[in-house]
Amino acid sequence: MENLFDLFYECSGVSTDTRNITEDVLFIALKGDRFNGNEYAQQAIDKGAKYAIVDQEKYADNHKIFLVKDGLLFLQKLAEHHRQQFDIPVIGITGTNGKTTTKELTAAVLSKKYNVLYTLGNLNNHIGVPLTLLQLKKGHDIAIIEMGASKVGDIKELTDIAHPSHGLITNIGHAHLEGFGSPENIIKTKTELYQAVAENKGVLFCNLDDKTLKQQLPSPCQNVNYGTVSEADISGNIVHLSPMLSFIWQSNSFTSPMVETQIIGKYNFYNMLAAICIGVHFNVNDKDISEALEQYTPSNNRSQLEKTSHNTVILDAYNANPTSVRSALENFSEIESNDKLFVLGDMLELGKNSKQYHQEIIDLSKKLNLQGVFVGKIFSSLAEENEILSFETTEQAKDFFSTALPKNNLILLKGSRGIGLEKLVEIL
């Protein structure tokens, strides 16, 4: 396999999708439940790929197509090999919630001083991480690699490829329980990042306000910490949520002016502190750090504020799990607004205790005295006994709002990606 790694250095990059072939790339065929990339190897060559890698012999039928035992393994091993050509900081970021936002904020901060490679979108799995690492070039000073997990061992698989020198876990909550099986397995998997950084004698960034993360820090391992407590290396305090987050932060003798962000949510405060902590560690100017955070604008249905002709909508419908929905509701209850309404979608992939988690969210909404609508089959199965307004599909909710449209409200949309609550924005 290794003797084929040199092909990569003759090419302009890597592609695993013939729809995105550019001139002189190396095409690597991957297989899935519903597709077989091997079948498209010749098409990739015809569209401009310099070489192709396949793992089925019948498709390796010319001098530009090379056979390996496993295409995915080749991609991962090539990425690991390429990463090891660079003696630069590689920061691994994982967590149940906030990892994508934290990665984006950290990239914004570090980009004030460095040439940064970072994960695009949420390409944070066993394919996305290698593809990101293969974009490393000589001019890069730092790499930020987002790492996602949906089952035991996922993070170790990614750290074995990326060899992170630095690491941060945003938090550890309940998500993807179908794959993990238990909360204990989530902790074990997420903290594989801590173990990898410790083995590499690297540096960990830790939220001191989070007891679970604090307890899981390996010893000995250098760590830099953040939080609201005075003993934290980087500390901060929220000034107000209206609904945008504003806060101040401290580092040694420095106290920042108020940082007025374009992002919503008390829960994003720790994401901001994490980015500050990493920025200070890498000697980014204090003023530049605050400026980067103020300039950051969220996208991709994550904590976005949308002004419609009738209402103001908080669009946070990219994903949802018990931890993130609880945080979103608690934050929503603290925002000062005369008229507020939530629309909560089902939280998917929670396994056997799914109904219990949804019941807890219904109970929390009542405890916080918030008014709203629930969308999805799981919430709907609990509607009658809880006396809540619920719809099985987003389309049904859309029909309801078309005849009962609230006006001049602040509306929170929060649900799993599969529920598609973003479709409601056009009518709200």
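User: At what angle do helix α4 and α11 pack?
Analyst: This is a predicted model, where local features need pLDDT of at least 70, side-chain atom pairs count only at pLDDT 80 or more, and totals for chains, interfaces and linings use all residues. Residues are numbered from 1 along each chain as its sequence is written, and side-chain values use heavy atoms, with hydrogens and water left out. Helix α4 covers residues 99-110, and its axis and that of α11 are 9 Å apart. Axes are lines fitted to C-alpha atoms, for helices over the stretch in contact, with angles from 0 to 180 degrees between N-to-C directions; the packing angle is about 35°.

User: Which residues of α4 make the contact?
Analyst: Contact means heavy atoms within 4.5 Å. On the α11 side, the residues include Asn268, Met272 and Ile278. From α4 come Thr101, Thr102, Leu105, Thr106, Val109 and Leu110.

User: Are α11 and α12 roughly parallel or roughly antiparallel to each other?
Analyst: Helix α11 spans residues 268-281 and helix α12 spans residues 286-295. Their axes come within 10 Å and cross at roughly 150°. Angles under 35 degrees count as roughly parallel, over 145 as roughly antiparallel, 65 to 115 as roughly perpendicular and the rest as oblique. The two helices are therefore roughly antiparallel.

User: Does asparagine 171 count as buried or exposed?
Analyst: Asparagine 171 sits in the loop between β8 and α7. Buried means under 20% relative accessible area, exposed over 50%, partly exposed in between (1.4 Å probe, protein chains only). At 18% relative accessibility, asparagine 171 is therefore buried.

Key:
Helices (H or I, at least four residues) and strands (E, at least two) are DSSP runs, numbered from the N terminus.
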